[in-house]
Amino acid sequence: DYLGVPKDQQNEDTLNFTREVKNTPRTDFKPNILLIVMESLSTSKTSLSKTPLDPTPNLKALADESYYFDEYYVPSQGTARSMFGIVSGIADVTSFQTASRNPALADQNAIMNYFDGYEKFYFLGGSANWAEIRSVFTNNIQGIHVFEEGMYDSPHTDVWGLSDLDLFKEVFKTLSKLPSDQPFFAVVQSASFHRPYTIPENHDDFEVKNLPQDVVLNGGFFSNEEWNSMRLADYSLGTLIKLIKASPLYKNTLIVVTGDHGLPDENAPYLSLPRRTSEIEKFHVPFILHNPTLFPEPKVDSRVVQEQDVMATLAHLAGISYTNTGLGRDMFDPQFDKRRVAFNYFHYVQPQPYGLLENNFYLLVRNKNETLFNFNDPTNDHDVSSEYPEVYSHLSEMTHAYLETARYIMFHNKNLRRPDK
């Protein structure tokens, strides 16, 4: 029911999750898709939160003129897991390493593969061999062009390859060379906001600043190095947005900005107590959609949505029909508004805790113990399951169902569009 499988096709023996989704064009052109996945873009650390440090003014300015989902969550804390989730529409709930490293999970029915007539790209500053992420894209998306280290004119900055600033300039240079009538779908994965927080030698007019340690901690960061690294990532994003807005690409390009995962909140005092105790900020990142035709007016949408929904949503906005066999759902489809959830999986801890957010209630399962948090009460972080027994019963059932379905469906989401199928 949650996925929208037609009643007459539901079968608990065959576990059929197939949905045929028919979309119609919303524009008189095929919109380019530029999906920018920013490293560690934790909402709590950005200027979209109540941090007093204003680390991401460019991100905030973009959100203020865009369609912005402020209750968007990823299912995992790792970058490789997140990229798998975006492409496949499935939460990576493997208990060892990542789904991208498991040959049995290399075959996935990626909605991106249904964008017929589009040139498809995957850009990153380092090596696509990292975490076998190359396979996630090349094994499932026919004809995709992978750009990685050794293919750019810009120099390496550190172990992560190019800086975000150089990577974004390279991306713009490549996409600008395409014929004006050739639509593209480009996934860009940044990496600069990551230890060792390197500031590259070439950083244009970006200015490194330093604050007293107590001010940094009060703003949700643990060091000046971390704060400046996020500031540089935001500066780099702002540079790319300016380049696009000043080019012919702007009118026909849907700019999508999100994060691969969140980060520990460092007990930021501006966050509510139940959100800090539940550690949900590790999964909370922005999701921004920007195009003057598709979204002529800015809006903040506070419905709960999640990473698995990204590709289904972009297909809807581009008017692309597809066969969905994953866990993703269109963020704009009203049939799903009666049940909007976000699933989280803490894979760094053994045994892995997991949780589910719905209607501002969050159920967290740790060592088989279940705690229900009420995010509507910012000062209360104790278990409220006895106070809301029906909410608790519903969320408990849904949380376990989501986990077990994700475990199953990773192995049963076979690519339906490979030439050999």
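The model is predicted, and the points below start with the pairing of strands β14 and β15, which run antiparallel and are joined by 6 bridges. They then turn to N374, a residue of β15, and end with the cavities, of which the structure holds 5 with a volume of 30 Å³ or more.

**The hairpin of β14 and β15**

- Strand β14 covers residues 361-366, while β15 covers residues 369-374, and the two form a hairpin with 2 residues between them.
- In the turn of this hairpin, N367 has a positive phi of about 50°.
- Across the pair of strands, L364 stands opposite T371 in β15.

**N374 and its surroundings**

- N374 has a relative accessible area of 8% and is therefore counted as buried, since that term applies to values under 20%.
- The side chain of N374 reaches the backbone nitrogen of N376 at a distance of 3.0 Å.
- Leaving aside residues up to four places away in sequence, N374 touches P274, N360, F361, N380, V384 and Y388.

**The largest cavity**

- The largest cavity has a volume of about 60 Å³, and among the 14 residues that line this cavity, S88, G89, N109, I111 and N324 are the closest to its centre.
- Helix α2 (79-88) and strand β11 (322-324) each supply at least two residues of this lining.
- By residue type, the lining of the largest cavity divides into 10 polar and 4 nonpolar residues, with no charged ones.

Terms used: Residues are numbered from 1 along each chain as its sequence is written. This is a predicted model: local features need pLDDT of at least 70, side-chain atom pairs count only at pLDDT 80 or more; totals for chains, interfaces and linings use all residues. Side-chain values use heavy atoms; hydrogens and water are left out. Helices (H or I, at least four residues) and strands (E, at least two) are DSSP runs, numbered from the N terminus. Buried means under 20% relative accessible area, exposed over 50%, partly exposed in between (1.4 Å probe, protein chains only). A polar contact is a pair of N or O atoms within 3.5 Å; within protein, one must be able to donate a hydrogen and the other to accept it, and residues adjacent in sequence count only if both atoms are side-chain atoms. Contact means heavy atoms within 4.5 Å. On a 1 Å grid over the protein atoms alone, a cavity is a set of points where a 1.4 Å probe fits but cannot get out, and a pocket is an open set with protein on both sides within 12 Å along at least five of seven lines; lining residues have an atom within 4 Å of a point. Grid points are joined across faces, edges and corners, and a volume is the space filled by probe spheres set on the points. Ala, Val, Leu, Ile, Met, Phe, Trp, Tyr, Cys and Pro count as nonpolar, Asp, Glu, Lys and Arg as charged, and the others, Gly among them, as polar. Two strands pair if DSSP finds at least two bridges between them.
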